[in-house]
Amino acid sequence: MRIAVPNKGRLHEPTIDLLERAGLHLENGADRKLYADTVDPDVTVLFARAADIPEYVADGAADLGITGFDQVQEARVDNVAELLDLEFGRCRLVLAAPEDGDIESVDDLAGKIVATEFPNITADFFAGTGVEPDIVEVSGATELTPHVEMADAIVDITSTGTTLKMNRLAVVEEVLSSSVRLFGRDDVLEESKVEEVRTALSSVKRAEGKRYLMMNVPRDRLADIRDVIPGLGGPTVMDIADEDEDEATVAVHAVVNEGDVFETITEVKNAGASDILVTEIERLVE
Ligand SMILES: Nc1ncnc2c1ncn2[C@@H]1O[C@H](COP(=O)(O)OP(=O)(O)OP(=O)(O)O)[C@@H](O)[C@H]1O
Ligand SMILES: O=P(O)(O)OC[C@H]1O[C@H](OP(=O)(O)OP(=O)(O)O)[C@H](O)[C@@H]1O
Ligand SMILES: [Mg+2]
């Protein structure tokens, strides 16, 4: 099983970090190498450009891929399926034009020129509008093209909006909303290794923003504690070893949202809990 991941750019680090947190530790993967082994002898990693990854998966150079949804759409591959939204690399592809120009809506682009690194997505977008500009493919610095009379508008990536603003461009319309996805070729989707990888990655995503809470509670206050813990399927209650059966204290463990931890601690304390411990969770397997 081979997974293609971005070799550089802004998606490289977070993707490697995610694989590591999922337990797929990379080995022998020194910088500039094309491949890396992982702790799982059946899983290798192929480093490729974010834009090439969908093709690599479709053609069989890799079985699974991790890259932006925008790249998967642009590649127009029809034999791959999405397995998981990894929820980072969030950005939008937008149609943008000079702030002080005369392009204010899609209709203003009839017969005009639109420059983009995403000609397929752009063509699909305009096909749905009935407006037919000339689409010119560029390989970078798209934001400059309206200022050098190469184009009247662009379709490009934005997230904070800083680059558009710096180039005095305004959003005319959103074309696509993107985040990083795990996807696989249709003919490998039933393989057990694919499900293993998907489960490992999704368990990391599920654990994000969650905390594990442990505490000791007098048995006769358990009902109150249950009332205040917004646990995942309720708390786990355990007898404490060597305690007398009738003895009073039990251990309570629960998974809670990070945002609820502060309030929950106050509430369980008021309900009689002591020795409260909060820890991070690496993975949460369904
Ligand atoms: N500003 C951004 N905010 C969030 N995600 C982004 C942003 N820019 C790009 N991305 C996402 O990252 C993907 C790859 O972009 P990145 O800039 O890392 O590579 P690239 O410029 O295509 O790489 P290369 O240097 O190989 O040409 C994009 O397809 C998109 O999904
Ligand atoms: O809305 P913003 O936060 O300003 O982000 C948008 C910019 O980010 C990307 O470029 P990147 O930084 O990846 O540089 P690149 O052109 O070298 O790929 C994209 O191509 C935009 O130019
Ligand atoms: Mg970029």
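**View 1. A hairpin of strands S3 and S4 in the predicted model.** In this predicted model, strands S3 and S4 form a hairpin, with five residues lying between them. Strand S3 covers residues 35–38 and strand S4 covers residues 44–48; the two run antiparallel and are joined by three bridges. Two of the facing pairs can be picked out by name: Tyr35 stands opposite Leu46 in S4, and the bridge partner of Asp37 in S4 is Thr44.

View 2. Four of the five residues of S4 are buried, so the strand is largely enclosed by the rest of the structure.

**View 3. The open sheet that holds these strands.** Strands S1, S3 and S4 belong to an open sheet of seven strands, whose order is S2-S3-S4-S1-S5-S12-S6 and whose pairing is mixed. The edges of the sheet are formed by strand S2, residues 26–27, and strand S6, residues 80–85, each of which pairs on one side only.

**View 4. The surroundings of ligand 1.** Ligand 1 is surrounded by 14 residues, of which the closest are Lys8, Arg10, Arg49, Asp70 and Gln71. A polar side-chain atom of Asp70 lies 2.8 Å from an oxygen atom of the ligand, and a polar side-chain atom of Gln71 likewise lies 2.8 Å from an oxygen atom of ligand 1. A nitrogen atom of ligand 1 is placed 3.0 Å from an N or O atom in the side chain of Ser159. Taken alone, ligand 1 exposes 620 Å², and the protein buries 78% of that area.

**View 5. The surroundings of ligand 2.** The residues around ligand 2 are Arg10, Glu143 and a run of the chain made up of Ile157, Thr158, Ser159, Thr160, Gly161, Thr162 and Thr163. In the side chain of Glu143, an N or O atom is 2.7 Å from an oxygen atom of ligand 2, while a polar side-chain atom of Thr158 lies 3.2 Å from an oxygen atom of this ligand. Ser159 takes part through its backbone, where a polar atom is 2.8 Å from an oxygen atom of ligand 2. On its own, ligand 2 has 500 Å² of accessible area, and the protein covers 59% of it. Arg10 is listed among the closest residues of ligand 1 and also among the surroundings of ligand 2; Ser159 has a side-chain atom by ligand 1 and a backbone atom by ligand 2.

**View 6. Strand S15 and its two antiparallel partners.** Strand S15 spans residues 249–257, and seven of its nine residues are buried, so the strand is largely enclosed by the rest of the structure. Nine bridges join S15 to strand S13, residues 210–218, and these two strands run antiparallel; in this pairing, Arg211 stands opposite Val256. Strand S14, residues 236–239, also runs antiparallel to S15 and is joined to it by four bridges, with Thr236 standing opposite His253.

**View 7. Val256 within strand S15.** Val256 lies in strand S15, where Arg211 faces it. Its relative accessibility is 1%, and because buried means under 20%, Val256 counts as buried. Leu169 is 87 residues away from Val256 along the chain, and the C-alpha atoms of the two are separated by 43 Å.

**View 8. Domains and the annotated span.** The domain assignment divides the protein chain into domain 1, made of residues 2–90 and 179–206, domain 2, residues 91–178, and domain 3, residues 209–280. The C-alpha centres of domain 2 and domain 3 lie 54 Å apart. An unreviewed UniProt entry places the feature "domain: ATP phosphoribosyltransferase catalytic" at residues 49–201. In the model, the end C-alpha atoms of this span lie 21 Å apart, and the span is 25% helix and 32% strand.

Key. Residues are numbered from 1 along each chain as its sequence is written. Chains are lettered from A and ligands numbered from 1 in the order in which they are written. This is a predicted model: local features need pLDDT of at least 70, side-chain atom pairs count only at pLDDT 80 or more; totals for chains, interfaces and linings use all residues. Side-chain values use heavy atoms; hydrogens and water are left out. Buried means under 20% relative accessible area, exposed over 50%, partly exposed in between (1.4 Å probe, protein chains only). Two strands pair if DSSP finds at least two bridges between them. Domain bounds come from an automatic or database domain assignment. A residue is near a molecule or strand if one of its heavy atoms lies within 4 Å of it. A polar contact is a pair of N or O atoms within 3.5 Å; within protein, one must be able to donate a hydrogen and the other to accept it, and residues adjacent in sequence count only if both atoms are side-chain atoms. Accessible areas come from the Shrake-Rupley method with a 1.4 Å probe; for residues, only the protein chains shown count as cover. UniProt positions are given in the numbering used here, feature names are shortened, and annotations may be inferred rather than shown by experiment.
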